Amino acid sequence: MMVLIVIIPFSGALICLLMPKRMRGYAGLAAAAATCLTVFLLAFIPGGEDTFHHALGGWGRPLGIELQADGLSIIFLLLTSVTAFLISIYAGPYFDSPREQKTADYHFWTLWLLLWGGLNALYVSSDIFNMYVLLELISLAAVALTTLKEEAEALIAALRYLMAAMLGSLVFLLGVAFLYAEYGVLDLGGLGVQVQTTLPTITAFGLMVFGMLIKTALFPLHFWLPAAHGNAPAPVSAILSALVIKSSYFMLLRIWFEIFPSITTYAAAQLLGAMGAFAILWGSFQAVRQERLKLLVAHSTVSQIGYLFLLFPLTIAQITGEQGASWNMQAWTGGICQTVSHAAAKAALFLAVGNIIHALGTDRLISLRDIKGRLPLSVFTIGIAGVNLMGLPPSGGFVAKWMLLNAVISSGQWWWIPIIVLGSLLTAGYVFLMLGHVFAPSRKAVVLQSVPPALEISAFALALCAIFIGFTTSGIIDLLQMGFHTMPMPEAITWRLP
Amino acid sequence: MMSWEHMLPLVTLASSLVTGIVIFFLPERNSALRSTLNMLGASIKVIVVAVMIRGFLVDDAAYELRFTLALGFDFLLRIDSLSLAFLFLSATLWFLTTIYAIGYLEGSPNRSRFFGFFSLCVTASTGIALAGNLITFFIFYEFLTLVTYPLVVHRGTKKAIRAGRVYLWYNISGGAVLFTAVVSLSALAGSFDFTAGGVLAEMAASGSRSIHQLIFFLLIAGLGVKTALVPLHGWLPVAMVAPAPVSALLHAVAVVKAGAFGIVRVIYYVYGKEYSASLDVLFPLALAAAVTILYGSLQALNQNDLKKRLAYSTVSQISYIVLGAALASPLAIVGGLVHLIHQGFMKITLFFCAGNVAETLELHKVSELDGVGRRMPLTMGTFALAAFGMAGIPPIAGFISKWYLALGGLEDGQLWVIGVLVASTLLNAAYFLPIIYRAWFRELPVDRRPVPLRGKLETRWTLLLPTTVTALFSLGAGLWAGWQWSPLGVCQQIVRGMGLMP
Amino acid sequence: MTELDSFLLYALTAVILFALGLSSLLSRRHLLRKIMGLNIMSAGAFLLFISVAHRNGKVFADPVPQAMVITGIVVSISATGFALALARRIRKKTGLTSLDYREEPSPENHNRP
């Protein structure tokens with residue numbers, strides 16, 4: 001059953017490759033729906049012992065590839081499915097409309113389904129080499145998607161992205177080599193038990209984390225992101241910002257909490273948190289200065305990613321086993337809530353912005369004034385997504401920030417408070433920069449290209465998802481408590497086995 | 001679980017929330033449908049609020065709706081005596097302002113957008129009234145910021161956009177500070193509901209005194225933006241570029257009262273009066289309120305623009321409520337709370353009048369108001385009534401609130417309060433009376449002699465009716481202040497409910 | 001030489017190769033040199049894997065790292081091919097052979113969604 005979540009998108013990709021151009025959209029959408037459905041079945045239909053565990057070809061560890069899903073996997077799988085499905089609904093009409101015919105959409109569906117399949121497989125992998133391969137697959141597919149618009153800016157951004165991604169992967173691979181050299185096993189469970197503080201291990205830790213930081217575009221390693229996300233077609237930007245970034249973040253969570261919990265230190269956690277803080281401030285500062293809509297949203301991604309990294313200093317108690325780490329669950333819930341709501345909100349934002357650009361024909365921020373009351377659904381979507389990013393009620397972002405702030409105060413790490421507060425203010429700065437233009441008087445009467453309703457509705461649906469996340473925190477908590485079967489139980493929190 | 005008692009708070013919220021959302025989707029031309037929906041929603045809200053008031057006061061019914069939002073915090077809607085006062089104000093004034101707005105905005109663009117956000121704004125202030133704990137309060141408080149922004153920038157002019165930006169900066173910063181304070185409180189004290197007499201005293205561990213003081217300061221700073229406490233008041237005069245119904249609603253009901261309401265909640269239902277007094281935070285707050293009262297009145301003298309003058313008057317008057325909350329005597333808090341209601345009606349009357357004059361005669365400045373009383377007698381008559389009330393002339397409602405505040409100061413031994421009140425009364429007279437004098441005792445300029453009007457009314461009835469109603473209410477609240485169910489009587493009951501004997 | 005010493009020699013070489021490739025990637029501006037730098041980095045990583053395969057002194061070599069290296073080579077080749085194609089396309093479009101930003105984007109760029 002679990003294998004299906006990988007096989008369906010891959011076969012869908014193959015089918016799309018072979019189909020005539022006209023049919024590709026339908027085939028792609030069908031495959032997308034099937035994948036989403038399969039993930040939901042996997043997550044919500046109770047199965048037997050082996051639902052969440054599968055050895056490919058019947059070959060077990062350490063030579064075979066095993067797939068293993070735990071609570072965190074399910075969360076990321078669900079997040080990916082819903083977002084990806086809605087983006088797929090968007091992509092069909094988007095690439096069919098006359099204005100977009102110029103872009104080489106021929107292979108969008110193939111690449112996208114490959115990417116999605118890679119994401120799904122990554123979330124259920126249980127050994128680090130498999131994860132390396134899937135990361136490469138994801139990166140290559142993502143870069144290829146970025147090149148769909150055949151302009152020079154997009155191509156240069158794509159090549160830079162490719163190099164950055166490969167750099168990250170290679171550094172990670174070197175870390176894998178060190179780990180294998182030291183311990184001889186590749187699977188997460190086996191490594192988690194055996195890892196000790198030796199020089200090669202620490203080097204491996206540093207390398208692997210560094211590699212993932214490049215891919216997640218944490219300040220100051222974010223140089224490749226704004227151009228790449230800002231110059232891609234709208235659905236691709238949504239895919240990149242919402243989903244691809246989360247995959248390397250997922251890897252980071254795995255590395256930090258499954259493989260190396262015994263050697264992470266307070267200082268390392270604070271360092272990640274500090275880089276996150278810089279990202280929050282720098283990203284929003286840059287966003288406010290942008291004149292092009294998509295670059296603004298791309299810089300916003302750089303900023304929002306910083307919030308994700310606050311998870312590390314706040315959960316360090318889980319690892320060092322401090323007593324009374326009651327804020328642990330708050331921090332985890334807040335971090336995951338932030339991840340999920342950011343994915344939905346950022347995808348919604350990119351799609352809605354794509355609608356507006358499609359209608360207006362230009363990317364400039366000022367031209368938002370020419371909307372003049374039309375496209376209300378897309379403007380509203382931008383509003384809701386913005387509210388989510390700012391962390392204002394009612395939204396998932398608000399719940400996330402609440403929990404994070406609560407964890408910050410409970411754990412006594414009060415120095416993150418001004419960062420979170422300033423981050424919200426700066427985020428409000430660029431969100432209302434966009435919205436202010438909508439209310440401002442228009443400069444000239446502009447004829448709008450019509451936007452297919454599916455585009456507006458899917459963007460709006462994503463924004464609603466972001467709000468809805470705020471109400472599902474108890475579900476998230478339950479999922480988080482499902483641990484890896486084979487993992488030793490960390491001492492500070494008790495995880496129930498499913 | 002979902003008995004009808006649980007549903008009523010939700011219905012109150014929904015009456016404006018659903019109305020708002022539906023109105024967004026109405027085409028612009030469909031003004032008849034839109035107005036019907038508006039009035040329907042407003043009527044439903046008034047009726048439901050009346051039912052809840054009666055149920056609470058007479059049958060002692062408990063209306064509560066609670067669900068767990070996330071780890072450690074509940075979303076709670078609940079009626080208690082304090083929420084009644086604010087709810088009553090919100091519901092009736094929304095009803096009246098809707099009538100006014102329909103008339104005022106006739107023929108102007110973007111009305112669907114306006115009324116949509118207008119309804120959402122009322123939803124937010126209803127939610128603030130019904131909030132049963134600090135988290136729910138905060139949620140609706142920030143929601144209020146978000147939905148008032150489109151109303152401020154509604155006209156879309158450069159001035160409006162700039163005003164909107166100022167408005168946002170102040171309110172979002174205040175919101176961020178408030179957020180930090182609320183989360184800190186929930187982290188330190190766990191989750192708790194609003195309880196008369198406060199909860200923090202029990203939870204105060206030794207040594208956390210300074211933290212509680214810090215959090216109090218942060219709470220007041222966050223709430224103080226909306227309450228327009230000096231020096232956080234800068235957004236209020238600037239926001240006057242909004243259309244008159246917005247200024248009326250913002251200044252009488254929604255935004256400023258939400259801030260003051262929040263401060264009362266914090267002092268009496270979170271910290272508790274005695275604990276606050278023991279933390280030594282109340283005297284600085286009273287001082288800040290006094291400074292605001294005097295500063296606002298002084299600035300009002302300088303304003304030639306009528307709405308700006310009224311804005312600074314609001315800055316000054318809202319701090320009466322804060323002053324009442326900060327003084328130790330129960331009489332003072334009675335005065336403050338009843339002023340919440342009285343000031344609402346009087347100030348909205350004044351803004352309605354200002355809007356009438358602006359809309360009908362296109363006059364915005366005080367210096368242009370010569371002889372307007374002859375041209376628009378009903379408008380300027382109600383203006384005079386409300387202005388006298390604000391100045392504190394009996395028997396209009398404003399006198400009652402000032403009287404109780406003064407009594408409270410006297411009982412407390414804080415005689416400087418009386419000095420502030422007297423000074424403020426004189427200043428009020430100084431900036432209101434000239435307007436009345438100009439309107440009634442000066443000659444009309446030549447081009448505006450009263451022309452026989454076709455319809456005999458000086459302006460549209462939709463603009464006159466609400467004005468008259470609110471003015472009469474202000475008069476009635478003063479005349480029948482001794483009645484058990486007058487605003488004064490209700491406030492006395494509220495204060496008794498808090499455990500303090502006036 | 002003992003097994004461990006030869007392992008250390010290979011490992012050190014691998015790391016040095018990696019570092020050389022990295023420096024080329026970061027400091028060279030020409031696209032081809034960057035891509036070659038990436039290749040050298042991967043060569044270094046693969047060398048490290050292979051040296052692990054032979055270091056434990058058993059009669060046979062550990063097959064797992066060898067499998068990993070084969071996979072890695074495949075990945076590396078595809079990525080390199082892709083990068084080269086991209087570089088060639090960039091050169092055709094802009095005449096550039098580096099990643100320098102174009103300072104003044106031409107007006108028509110703003111009209112592409």
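1. Ground rules. Residues are numbered from 1 along each chain as its sequence is written, while chains are lettered from A and ligands numbered from 1 in the order in which they are written. Since we're looking at a prediction, local features need pLDDT of at least 70 and side-chain atom pairs count only at pLDDT 80 or more, whereas totals for chains, interfaces and linings use all residues.

2. Who touches whom. Contact here means that the C-beta atoms of two residues, placed from the backbone, lie within 7 Å. Two pairs of chains touch, and the pair with the most contacts is A and C. Chains B and C share no contact, and their closest C-alpha atoms are 26 Å apart.

3. The A–C interface. Each partner brings 34 residues: 34 from chain A and 34 from chain C. On the chain A side, helix H5 (128–146), H6 and helix H15 (327–360) each give two or more residues. (Helices are DSSP runs of H or I with at least four residues, strands are runs of E with at least two, and both are numbered from the N terminus.) H6(A) gives the most to that side, with 17 residues. By class, the chain A side has 21 nonpolar, five polar and eight charged residues. For the classes, Ala, Val, Leu, Ile, Met, Phe, Trp, Tyr, Cys and Pro are nonpolar, Asp, Glu, Lys and Arg are charged, and the others, Gly among them, are polar.

4. The A–B interface. Chain B puts in 24 residues and chain A 27. Strand E1 (64–70), helix H5 (134–152) and helix H6 (158–189) of chain B are the elements giving two or more residues to the chain B side. H6(B) gives the most there, with twelve residues. That side of chain B splits into 14 nonpolar, eight polar and two charged residues.

5. Chain C by itself. Of its 113 residues, 29% count as buried, the cut-off being 20 or more other C-beta atoms within 10 Å of a residue's own, with C-beta atoms placed from the backbone. Among chain C contacts between residues at least 6 apart in sequence, 50% join residues at least 24 apart.

6. The two domains of chain A. Chain A is divided into domain 1 (1–170 + 191–256) and domain 2 (264–493), with bounds from an automatic or database domain assignment. Their centres, taken over C-alpha atoms, are 20 Å apart. Where they meet, domain 1 provides 40 residues and domain 2 provides 48. On the domain 1 side, H3(A) gives the most, with 13 residues. The residues of that side of domain 1 are 25 nonpolar, twelve polar and three charged.

7. The largest nonpolar core. A nonpolar core is a set of buried Ala, Val, Leu, Ile, Met, Phe, Trp, Tyr and Cys residues joined through C-beta atoms within 7 Å. The largest has 419 residues, and those with the most contacts inside it include A:Leu115, A:Leu145, A:Ile239 and B:Cys121. Helix H6 (residues 152–183) of chain A gives the most to this core, with 23 residues. Both domains of chain A give residues to the core, so it lies between them.

8. A closer look at A:Leu115. Which residues does A:Leu115 contact, leaving aside its neighbours within four places in sequence? They are A:Ile138, A:Ala141, A:Ala142, A:Leu145 and A:Ile239.

Key:
A residue is buried if 20 or more other C-beta atoms lie within 10 Å of its own, exposed if 12 or fewer, and partly exposed in between; C-beta atoms are placed from the backbone.
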